[in-house]
Amino acid sequence: MNSVLRAQTRIGQRALLLTTAAVPVTGWTVHAIALHRRLAAAKKDPLTGLLRRDAYTARARQVLRRHGDDVVLVLVDQDHFKDVNDSLGHPAGDAVLRATADRLTAWAGRGASVGRLGGDEFAVVLPFPRGRRDVRLGQLVRMLHSPVTLEDGQVIDVAASVGAAAPDAIGTRDLSLLQRAADAALYEGKHSGRAHFATKKHATVPSVNGRRAGRPGTHLWGRAA
């Protein structure tokens, strides 16, 4: 009987040691998961869930390195967004931004870098078959011009201007130059209702931090993407 008790005691002690040893490991695992989630959240815009500027830039450069000339950079700028905020309030404006983010994410698909650069401006860098550029950009414009339904059921009309640039058309894979060209093309075709594709001349437009010089807010930007 004593031998049985001793054996049970030894088994219990070993189980206790294993449980005790596992506690720090479990604690570090929980801590690591929480840290990973915080870091991931820090990379994303809290309103739209899209990548913030720095995270978007890092991911965009990865896409360019991986796919070379078979890439397109797309800039999107909401049309008359201030009017939405002024007439319907900021919650309505937020709903438009979230809808735009969802549409961009759905359109771009996996493997893209989709970011909110600030305010009502967005950017996408994605692998892009050359022969389908016009079709795909036309699809994006239609998506961005679809009405947005607010939480109270009110439906509002929205629109956005789109500029795009590709390495083979611009002659460079430099992200800053591609963004400069796409930005210039966007503003050349502002409110036109269609996407404007950049040429080499658009990359020569004077810029501030990779954005067209003279456009609103250029003096506020950080380093170029």
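Visitor: Which residues of E1 lie on one side and which on the other, and are they buried or exposed?

Guide: This is a predicted model. In E1, Val71, Leu73, Leu75 and Asp77 lie on one side, and Val72, Val74, Val76 and Gln78 lie on the other. Both faces of the strand are covered, and the residues named are all buried.

Visitor: In what order do the strands of the open sheet run?

Guide: The sheet has five strands and its pairing is mixed. Its edge strands are E2 (113–118) and E7, each of which pairs on one side only. From one strand to the next the twist averages 20°. The order is E2-E3-E1-E6-E7.

Visitor: How many bridges join E1 to E3?

Guide: E3 covers residues 121–127 and runs antiparallel to E1. Between E1 and E3 the number of bridges is seven.

Visitor: Which residue in E6 is the bridge partner of Leu75?

Guide: E1 (residues 71–78) pairs with E6 in the antiparallel sense over six bridges. In that pairing, Gln78 stands opposite Ala160. For Leu75, the partner in E6 is Gly163.

Visitor: In which sense do E6 and E7 pair?

Guide: E7 covers residues 195–197, and three bridges link this strand to E6. Val162 stands opposite Ala195 in E7. The sense of the pairing is parallel.

Visitor: Which residues point each way from E6, and are they buried or exposed?

Guide: Ala160, Val162 and Ala164 point one way from E6, while Ser161, Gly163 and Ala165 point the other way. With six of the six residues of E6 (residues 160–165) buried, the strand is therefore largely enclosed by the rest of the structure. The residues on both sides are buried.

Visitor: At what angle to E3 does H4 run?

Guide: H4 spans residues 90–108. This helix lies across E1, E2 and E3. Its angle to E3 is about 10°.

Visitor: At what angle do H2 and H7 pack, and how far apart are their axes?

Guide: H2 covers residues 53–67 and H7 covers residues 175–188. Their packing angle is about 105°, and their axes are 11 Å apart. Angles of 65 to 115 degrees count as roughly perpendicular, so H2 is roughly perpendicular to H7.

Visitor: Which residues of H7 make the contact with H2?

Guide: On the H2 side, the contact is made by Arg53, Tyr56, Thr57, Ala60, Arg61 and Leu64. The residues of the contact divide into five nonpolar, two polar and two charged. On the H7 side, the residues are Leu175, Leu178 and Gln179.

Visitor: Which residue's backbone nitrogen lies 3.0 Å from a polar atom of the Thr172 side chain?

Guide: Thr172 lies in the loop between H6 (167–170) and H7. Leaving aside residues up to four places away in sequence, Thr172 touches Pro167, Leu177 and Leu178. The backbone nitrogen at 3.0 Å from its side chain's polar atom belongs to Asp174.

Methods. Residues numbered from 1 in each chain as written. Predicted model: local features only at pLDDT ≥ 70, side-chain atom pairs only at ≥ 80, totals over all residues. Heavy atoms only, no water. Buried < 20%, exposed > 50% of the residue type's maximum accessible area, 1.4 Å probe, protein only. Helix = DSSP H or I, 4+ residues; strand = E, 2+ residues; numbered from the N terminus. Pairing = 2+ DSSP bridges. Axes fitted to C-alpha atoms, helices over the stretch in contact; angles between N-to-C directions. Parallel < 35°, antiparallel > 145°, perpendicular 65-115°, else oblique. Contact = heavy atoms within 4.5 Å. Nonpolar A, V, L, I, M, F, W, Y, C, P; charged D, E, K, R; others polar. Polar contact = N/O pair within 3.5 Å; in protein donor to acceptor, adjacent residues only side chain to side chain.
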